[in-house]
Amino acid sequence: MKALILVGGFGTRLRPLTLSVPKPLVEFANKPMILHQIEALKAVGVTEVVLAINYQPEVMLNFLKEFETKLGITITCSQETEPLGTAGPLALARDKLVDESGEPFFVLNSDVISEYPFKEMIEFHKAHGGEASIMVTKVDEPSKYGVVVMEESTGQVDKFVEKPKLFVGNKINAGIYLLNPSVLDRIELRPTSIEKEVFPKIAAEKKLYAMVLPGFWMDIGQPRDYITGLRLYLDSLRKKASPKLATGPNIVGNVLVHETAKIGEGCLIGPDVAIGPGCVVESGVRLSRCTVMRGVRIKKHACISSSIIGWHSTIGQWARVENMTILGEDVHVCDEIYSNGGVVLPHKEIKSSILKPEIVM
């Protein structure tokens, strides 16, 4: 089987992290976002993954080369010269996706994190005999999304309603599809949307089916959702009693600590924290709801909550960093500084407090 991952463009919503690496390579729970997907695809027998990309393909491919051999899976790029939306890239990658087997292929949005029930999806797709399957997920506030209206018992999709004013349902497109090769005959090589142009036509012919995603789902393409996604992901590890979760007297709730990270005396860490490789957390530090990327040093008695600390940054003694502060790579926060929602570009030194959310160039 094959799979196409829609990587797309610049990852502007996750800046300043994406100023250093392409978005799919930004770590999520100590593993590049895209690897969560590739490993799950490999586990159900996918042998070739195509990345639809219009930005820095060399960086992506160089990075993923080592995983090709490690996972025993082929990873190639299909590069757009102009943004082609969510369907155009399928037409562009047609030759890579279609072979004699006639097997269906997966299409994933690269920002989506979930438990990836691909095996169940393959069974669902074979059972209904339609042309395309999409995953849907239940949300509390459907008015912000495109809602999928479907027949509950069979999963047959009736129609899509974009940002409904009146309640029509609470299931939204989760950005995970399984498509027969014939779907490619419906897509022209031009900027086009799979959600707005392709799927409604298949639904009108009663050949589109939706499966409700079990477990959690999050689009982690922006900082607030990234932090929420980490909570949901760690929670799912807890439910599986994963040995990856840290334990100890200084750990509260669900926490991931890379084996090469060092944590000092008298810290309190958690809930919902990921600490990357080579990090040094000095004594008396308090961390909650945050991600600390590779090579970060957090000095004594600093306090960090609801924030993302980029690679190789340092947080000074008694500093307080909170409220969706996002530090790019190699940012140095001086001692006793307060950051309330600062978004700081790479290679900066912060010598005075950031009292309200702002971008620091």
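**Note on cysteines, salt bridges and one annotated span**

1. The count of disulfides (pairs of cysteine sulfur atoms within 2.5 Å) comes to zero. Cys-267 takes part in none, the nearest cysteine sulfur being that of Cys-303 at 11 Å. For Cys-303, also in no disulfide, the nearest cysteine sulfur belongs to Cys-290, 9.0 Å away.

2. This is a predicted model, in which local features need pLDDT of at least 70, side-chain atom pairs count only at pLDDT 80 or more, and totals for chains, interfaces and linings use all residues. Residues are numbered from 1 along each chain as its sequence is written, and side-chain values use heavy atoms, with hydrogens and water left out.

3. The whole structure holds 17 salt bridges (a side-chain nitrogen of Lys or Arg within 4 Å of a carboxyl oxygen of Asp or Glu). One network of them links Glu-131, Arg-186, Glu-205 and Lys-207.

4. Lys-23 and Asp-111 form a salt bridge with an N to O distance of 3.0 Å. Lys-23 lies in the loop between strands E1 (2-8) and E2 (27-28), and Asp-111 in the loop between strands E6 (105-109) and E7 (112-114), so the pair ties together parts 88 residues apart in sequence (strands are DSSP runs of E, at least two residues, numbered from the N terminus). Lys-23 is buried at 11% relative accessible area, and Asp-111 is buried at 5% (buried means under 20%, exposed over 50%, partly exposed in between; 1.4 Å probe, protein chains only).

5. Arg-320 and Glu-322 are bridged at 2.8 Å between the closest N and O atoms. Arg-320 is partly exposed at 41%, whereas Glu-322 is buried at 17%.

Conventions:
Helices (H or I, at least four residues) and strands (E, at least two) are DSSP runs, numbered from the N terminus.
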